[in-house]
Amino acid sequence: MSLARDMDLLRKVPLLADFPDEQLRLLAFSAENVSYRDGEVLFVEGERADGGLVVASGAVMLESDSEADGLGGRYGPGSLIGETALLVETRRPARAVASGATEVIRIRRALFKRMLQEFPDIAQRLFDSRAARFRDTTAALGRVGTLLEQLEREHSAFRAARAKASGDAQ
């Protein structure tokens, strides 16, 4: 891929969208382009994650042993796989397999962290956006908690009414 094409693709990734052209150019230049054949495994579940992958062409299928995690699915061009791995040491939560001829831009965590250290304004914007997402998630979980409490009260009232009706019938 060309540097300009890589930059255009990286600019479409929400996490990287606020990067100025100079830093995007540096990131695109320093990242690694990797090609995979159809069915080739990019990584396996539980493997140590050393960074993120941006799908440049083709698609990546994520497959997890746990259906409950919601990670499975098909990710096409512009998708960032492993966002958390760009920031902290972690393990891959799913297996990734190329769907058709696939090309990815591999961004190692060490490179990403170095960029954040050298360009603190980017780090601050990233921190602010992650903090906003965290606040949104916390608010959503609060609403879910309130609904669960309401359902529990209704369920308890239903059980009490059923027990009373059962006792009255005897």
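Which residues does isoleucine 107 touch, not counting residues up to four places away in sequence? In this predicted model, isoleucine 107 is in contact with Leu10, Leu16, Leu27, Ala31, Asp50, Gly51, Gly52, Val54, Leu86 and Phe112, when residues up to four places away in sequence are left out.

**The nonpolar cores**

Isoleucine 107 belongs to the largest nonpolar core, which has 24 residues, and together with Leu10, Leu16 and Phe112 it touches the most other members. At least two residues of this core are supplied by each of α1 (3–11), α2 (21–30), β4 (51–63), β8 (95–108), α4 (109–118) and α5, and the largest share, 4 residues, comes from α4. Apart from this core lies another one, of 13 residues, with Val34, Tyr36, Leu53 and Ala96 among them. As a general background, nonpolar side chains in soluble globular proteins tend to be buried together.

**The aromatic pair**

The structure holds 1 aromatic pair, formed by phenylalanine 19 and phenylalanine 112, whose rings are stacked at 6.1 Å centre to centre with 20° between the planes. Because phenylalanine 19 lies in the loop between α1 and α2 while phenylalanine 112 lies in helix α4, the pair ties together parts that are 93 residues apart in sequence.

| Residue | Relative accessible area | Class |
|---|---|---|
| Phenylalanine 19 | 6% | buried |
| Phenylalanine 112 | 0% | buried |
| Glutamate 45 | 32% | partly exposed |

**Surroundings of glutamate 45**

Glutamate 45 is found in the loop between β2 (41–43) and β3 (48–49). Residues up to four places away in sequence aside, glutamate 45 touches Glu63, Ser64, Asp65, Arg92, Pro93, Ala94 and Arg95. Glutamate 45 and alanine 96 are 51 residues apart in sequence, yet their C-alpha atoms are 8.0 Å apart in space; alanine 96 is one of the members of the 13-residue core.

**The second largest pocket**

About 170 Å³ of space lies in the second largest pocket, and its lining consists of 13 residues, of which Pro14, Leu15, Asp18, Leu126 and Ser129 lie nearest the centre. Helix α5 (residues 120–169) gives the most to this lining, with 6 residues. By residue class, the lining of the second largest pocket divides into 7 nonpolar, 5 charged and 1 polar.

Technical notes: Residues are numbered from 1 along each chain as its sequence is written. This is a predicted model: local features need pLDDT of at least 70, side-chain atom pairs count only at pLDDT 80 or more; totals for chains, interfaces and linings use all residues. Side-chain values use heavy atoms; hydrogens and water are left out. On a 1 Å grid over the protein atoms alone, a cavity is a set of points where a 1.4 Å probe fits but cannot get out, and a pocket is an open set with protein on both sides within 12 Å along at least five of seven lines; lining residues have an atom within 4 Å of a point. Grid points are joined across faces, edges and corners, and a volume is the space filled by probe spheres set on the points. Ala, Val, Leu, Ile, Met, Phe, Trp, Tyr, Cys and Pro count as nonpolar, Asp, Glu, Lys and Arg as charged, and the others, Gly among them, as polar. A nonpolar core is a set of buried Ala, Val, Leu, Ile, Met, Phe, Trp, Tyr and Cys residues joined through side-chain atoms within 4.5 Å. Buried means under 20% relative accessible area, exposed over 50%, partly exposed in between (1.4 Å probe, protein chains only). Contact means heavy atoms within 4.5 Å. Rings of Phe, Tyr and Trp (its six-membered ring) pair if their centres lie within 6.5 Å; planes under 30 degrees apart count as stacked, over 60 as edge-to-face and the rest as tilted.
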